[in-house]
Amino acid sequence: METIIKLKNVNKKFKDFSLENLSLDINKGYITGLIGSNGSGKSSTIRIMMDLMRPDSGDLEIFGLNYEEHEKEIKGRIGFVYDSNIYYEGLNLSDIQRIVGPAYRNWNKGTYFNYLKKFNLPKNKPIKTFSKGMQMKASLAIALSHDAELLIMDEPTAGLDPVFRRELLNILQDILIEENRTIFFSTHITSDLEKIADYVAFIKDGRVIFNHSINDLQEKFSLVKGELELLDRDTSKAFVHINQSSDTFEAMTDDVEKIRRIFGDTVIIDKISLEEIMYFFNGDDNDD
């Protein structure tokens with residue numbers, strides 16, 4: 001399996017936050033989602049990937065290349081999809097084609113206007129008249145029209161209504177299937193990832209906690225529910241994380257057979273959602 005993005009032991013210190021020894025591999029030809037709570041480091045990680053800021057230490061390779069020697073080539077092969085308009089609001093999409101096209105070696109005017117038609121975007125109306133969803137489609141059309149191999153998106157579905165969110169997810173899935181591109185996007189909406197992602201990376205406090213396929217995650221972890229009286233110092237150690245109420249508990253385990261040996265049929269073992277996995281990993285170990 002070919003790695004298209006590789007971060008290794010990346011460190012970046014801010015005033016009140018740090019990325020610490022962050023390592024992350026993104027596989028070519030798949031959709032990978034980066035999840036984490038607000039302030040966990042998602043946007044900082046993407047800014048480093050896009051060379052919008054440099055790490056204090058560590059290594060970054062994209063397409064097996066580094067920015068120091070191959071900045072122009074790397075950026076020509078990446079499409080960054082913004083969640084809002086970054087152009088002068090009085091411009092229309094025909095204007096943008098004339099401005100943006102010459103900046104890319106592989107720009108295809110025909111492809112661009114085909115995407116505008118496919119996405120139902122007017123080419124002669126000012127961008128200031130566009131909804132947030134239309135702005136997202138316009139940004140996506142630009143990224144796809146210079147033959148970008150890798151699409152990077154920061155919170156692309158945030159603030160979109162449910163109908164357009166579903167439409168955007170379908171578009172991304174079609175792009176991957178039909179055009180064999182790689183898509184990496186950050187989000188806190190885990191249900192979006194469950195619909196389309198192949199891999200999920202979880203970041204907490206500037207550290208990558210896991211990077212697994214969706215299938216592996218749901219096979220690795222399970223949700224356990226039971227009466228609080230079943231827990232003591234020893235049995236609590238069987239769980240990765242626990243959330244307690246007044247008389248019951250919910251917990252996450254990565255060893256279902258061990259839970260069955262300890263508790264028998266006194267607990268309920270269920271499948272776990274990505275949202276629940278994120279919730280438990282955001283808690284404190286075994287003492288929530």
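Q: How many helices and strands are there in the chain?
A: This is a predicted model, so keep that in mind throughout. Its chain has secondary structure of both kinds, and the tally comes to 10 helices and 13 strands.

Q: What percentage of the residues in the chain is buried?
A: A residue counts as buried when its relative accessible area is under 20%. The chain has 288 residues, and the buried share of them is 49%.

Q: What share of the contacts with a separation of 6 or more links residues 24 or more positions apart?
A: Start with the contacts in the chain whose separation is 6 or more. Within that set, residues 24 or more positions apart account for 68%.

Q: Which way does α3 run relative to α4, roughly parallel or roughly antiparallel?
A: Helix α3 covers residues 93-100 and helix α4 covers residues 109-118, and their axes are 11 Å apart. The angle between them is about 155°. Angles over 145 degrees go in the antiparallel class, so α3 and α4 are roughly antiparallel.

Q: What is the handedness of the crossing where α3 passes α4, and how do the residues of the contact divide?
A: The crossing of α3 and α4 is right-handed. On the α3 side, Leu-93, Ser-94, Ile-96 and Gln-97 make the contact, while α4 brings Lys-109, Tyr-112, Phe-113 and Leu-116. By class, that contact divides into five nonpolar, two polar and one charged.

Q: How far apart are the end C-alpha atoms of α5?
A: Helix α5 runs over residues 132-144, which is 13 residues. At 1.5 Å a residue the helix should span 18 Å, and the model agrees with that because the end C-alpha atoms are apart by 19 Å.

Q: What covers the buried residues of α5?
A: Helix α5 is mostly covered, with 11 of its 13 residues buried. Among the buried ones are Gly-133, Met-136, Leu-140 and Leu-144. The cover includes β5 (78-81), α3, α4, β6 (150-154) and α6 (162-179).

Q: Is Ser-213 buried or exposed, and which residues does Ser-213 touch?
A: Ser-213 is found in strand β9, residues 207-213. Its relative accessibility is 14%, so Ser-213 counts as buried. Leaving out residues up to four places away in sequence, Ser-213 touches Asp-198 and Tyr-199.

Q: How far apart in space are Leu-217 and Tyr-199, C-alpha to C-alpha?
A: Leu-217 sits in helix α8, residues 214-220, and counts as buried because its relative accessibility is 1%. Beyond its neighbours within four places in sequence, Leu-217 is in contact with Val-200, Phe-210, His-212, Leu-274 and Ile-277. As for Tyr-199, Leu-217 is 18 residues away in sequence, and the C-alpha to C-alpha distance is 9.1 Å.

Q: What separates the C-alpha atoms of Phe-263 and Leu-230?
A: Phe-263 belongs to helix α9, residues 256-263, and is buried, with a relative accessible area of 6%. Not counting residues up to four places away in sequence, Phe-263 touches Leu-230, Thr-235 and Phe-239. Leu-230 and Phe-263 are 33 residues apart along the chain, and the separation of their C-alpha atoms is 8.0 Å.

Key:
Residues numbered from 1 in each chain as written. Predicted model: local features only at pLDDT ≥ 70, side-chain atom pairs only at ≥ 80, totals over all residues. Heavy atoms only, no water. Axes fitted to C-alpha atoms, helices over the stretch in contact; angles between N-to-C directions. Helix = DSSP H or I, 4+ residues; strand = E, 2+ residues; numbered from the N terminus. Parallel < 35°, antiparallel > 145°, perpendicular 65-115°, else oblique. Left-handed = near helix turned anticlockwise from the far one by under 90°. Contact = heavy atoms within 4.5 Å. Nonpolar A, V, L, I, M, F, W, Y, C, P; charged D, E, K, R; others polar. Expected span 1.5 Å × (residues − 1). Buried < 20%, exposed > 50% of the residue type's maximum accessible area, 1.4 Å probe, protein only.
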